[in-house]
Structures are given as structure tokens and as C-alpha cells.
Amino acid sequence: MRFVELTAEAVEGALRDWRPVASRSGLVALLPESGKDQVPLLQAAAARHGIALLGAIFPALLRGDCFVTDGAWLLCFDTMPPHFLLPALNEGDEPAGVRLLGTVRQQLAESTPEAGRPTLFMIFDSMVPNVSSILDDIYLALANRVEYAGVSAGSESFLPMPCLFDATRVVGDGVLGLLLPPAMTPLLAHGFVQPEHSMGATSTRGNRIATLDWRPAFTVYQEIIKAQFGIDLTPENFYQYGVHYPFGLLRANGDVVVRIPVALEADGSLHCIGEIPENALLVLLQAPPAGGNACIGHLAENLAAVQGPMADRPLLAFYCAGRRLHLGEAARDELRQLAEATGATPLGGALSLGEIGNTVRGGYPMFHNATLVCVPWSPQ
């Protein structure tokens, strides 16, 4: 993991120091949105050195306990794992999940068997509306043959922007993926506690909730926020409070998956980051304070249990943009807590727009909001 300025000189210097072996080496680059015009610089550098390149553009990057909007993280693999980039997932007659599954199966067939399961790590364009359904299709076919993790990239404005790239392309509405080795199994945490009161999502389509308990979704949302928290919610202040009071999607295993409402329609329907199945049971959550419910401590303990002590080891982390919006400056406190609890160095990564994983290793993969995803950095 190398943090560099987005200049030709800095990138070339980092690659010279690394000394990649062209026949098998590869690079994954994480860029902030402000650096999106510098993708050709990285593509030219990869071409000069004859190495594989994948990358994604995020609202901001993580560097230690800071969120930064310049520079880039270069994730260097001496042996690039099996990887792919699929654009325009939802175009054509073939369902997105089926198309992605075919590619993953091909990569698994070509990969070298190792002790332990590889991790299918995916980075989706945040404009892909059906990530949860795609995950369902993949899991139903592959089950526990792989671990599952990933994030969504793009603009925090949620406007379309090509945000995924390889050595020759910059694309949108797609997904890139890698089969990470077992030593890089990611873990996820959010720290939300499930309340007792639940409601039914009685009419939904994709990430749109039309009605809750057979009434307009926004009306019910207003009433619960007023009753539980004393807040007078209006269409004008809706987004201000959505990140603080998201929905929780209840799972059969007792877990709760966060869904942040981000848009309100004139008919009272709500749009969330991530799909809401029809007739799903939802609860209204209150976002925890920084490190609330021992979230960071539990994450550090789980990392150590799965991958051994993290002290002085690099840690790749993805932090939800909605979580940062909720916590404000206190989001940096969580990053400091994570660094102190794990002892990891460097701590780097990106601000994400949705996260993929599960809170229990080997569990069913879910598309989350408001979480942290941590990947022990141990490239081979």
C-alpha cells in the first residue's frame, strides 16, 4: 500500500521503488473524485511497466485518521490475483447476476488453489441499483466456495460518473472484481442496535419504498421520528436527518442491515441506498455515536481472531460516506480508534457509497450502508 501524489513523477517513482515483475504483477488504484481526470496517467504508467491495472474513483480517500481529496492509494500485487471489469451490467438480455457469475466461475477455474477460501472482492458503480439481487444470484450458485466483500464507488452527489477503470477503459454502471487470497479476508461492522418496533415494507420496487404498513412511506417515517425522537421532519429537512435515522432491514439470523434514505418523491415514496424487498420487516434506527456499542473494539478483535495480530501491518479500510455525514468530525475519532485498537500501519482506503459483506465470517453476503469494511493487507 503506497500513497502517492497524482503526478507522473510520483507514480513513476513509486513503481520504480516497487520494481514489479511485469509477467505477473498488478496494481489496484484508489482515486478521489477530484483526481478522476488523472486516470490516463495511471494507465500510461501501467503500460510502460507492462503490468495489470484496475481502479476505482471514490468521493474521498482515507489516510490515517484523515479524509483526503488528493493523491491516490496504489495497492501493489507482486502476483496480481484473478480479476475482471464488467461494464454496463444491466444492459442486454442476460441478467446482471448471471453475467457476473459466469465471469467469477471462469476466474475460479483459472485460479491456483490455496488453503482456505478466496474472497470475491467487488467494487460496484454506486449507480447500479440491484446490487443485493446480484449478490443473491451469486450466493445461490457459489454458496461458501468464496468469502464475499466489497464496496460501491462513484460520486457522493449520486450523479452518474464513470468510476471504474482498467489499463485501457474507464466505465460506469459496472463492477470490477478480484479473488483475494485467504490472508486478506475482509470483515465488516456497523454498531447499530435493533429496536423493538418494526414495520412492513408493503410496496417496494428496487430501492424505492412506496408504502410502509400500507400507508405512504414518508408519512410513516415522519410519525415514527416524531414519536421516538421529537423531530418535526419535513421534505425540506429530510436529507439532513436521513443519515441519522436510517431504516434497518431485519434478517432471519437476527442481524440488521442498514438502509439510508437519500431521496424523497412527491408521492411520499422514499429511495434508499440498496434494495428493499417487498414485505420486508423494517425498523427505524438511530445511528450510534463514534465507536458506539463497542463497534471498533469488536471489529479489531474479530480481525485479530481471523488474521492474527494486526500490529504494524497495513490495513485497507472503507468507510461509508453516510456514516461520515452522520458523525461529522467524530468520524475521524473512529479512524483513530481503529488505528489504536489494531495497531495497524499504514491505515488507508476510501470513502465508500455502500458496502458488501457480513458481520459473521462465512455468513450470507449483504449490501450494507453506514459500515466499515477492513481488509488486512497481505498481497502475494
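Guide: Helix α7 (residues 295–307) and helix α9 (residues 330–342) have axes that come within 9 Å and cross at roughly 35 degrees. The model is predicted, so local features need pLDDT of at least 70 and side-chain atom pairs count only at pLDDT 80 or more, while totals for chains, interfaces and linings use all residues. Residues are numbered from 1 along each chain as its sequence is written, and side-chain values use heavy atoms, with hydrogens and water left out.

Helices (H or I, at least four residues) and strands (E, at least two) are DSSP runs, numbered from the N terminus. Axes are lines fitted to C-alpha atoms, for helices over the stretch in contact, and angles run from 0 to 180 degrees between N-to-C directions. The crossing of α7 and α9 is right-handed, the term used if the near helix is turned clockwise from the far one by less than a right angle. On the α7 side, Ile296, Leu299, Ala300 and Leu303 make the contact; α9 brings Glu334, Gln337, Leu338, Ala341 and Thr342. Contact means heavy atoms within 4.5 Å. By class, the contact of α7 with α9 has six nonpolar, two polar and one charged residues. Here Ala, Val, Leu, Ile, Met, Phe, Trp, Tyr, Cys and Pro count as nonpolar, Asp, Glu, Lys and Arg as charged, and the others, Gly among them, as polar.

Next come the strands around β27. Five of the five residues of β27 (residues 372–376) are buried, so the strand is largely enclosed by the rest of the structure. Buried means under 20% relative accessible area, exposed over 50%, and partly exposed in between (1.4 Å probe, protein chains only). In a regular strand the side chains alternate between the two faces of the sheet. Leu372, Cys374 and Pro376 point one way from β27, Val373 and Val375 the other way.

Two strands pair if DSSP finds at least two bridges between them. Strand β13 (residues 187–189) pairs with β27 in the antiparallel sense over three bridges, with alanine 189 opposite leucine 372. Strand β23 (residues 315–320) also runs antiparallel to β27, and five bridges join them; phenylalanine 318 has valine 373 as its bridge partner.

Last, the cysteines. A disulfide is a pair of cysteine sulfur atoms within 2.5 Å, and a search of the whole structure finds zero. Cysteine 163 is in no disulfide, and the nearest cysteine sulfur, that of cysteine 320, is 15 Å away. Cysteine 163 is buried, at 0% relative accessible area.
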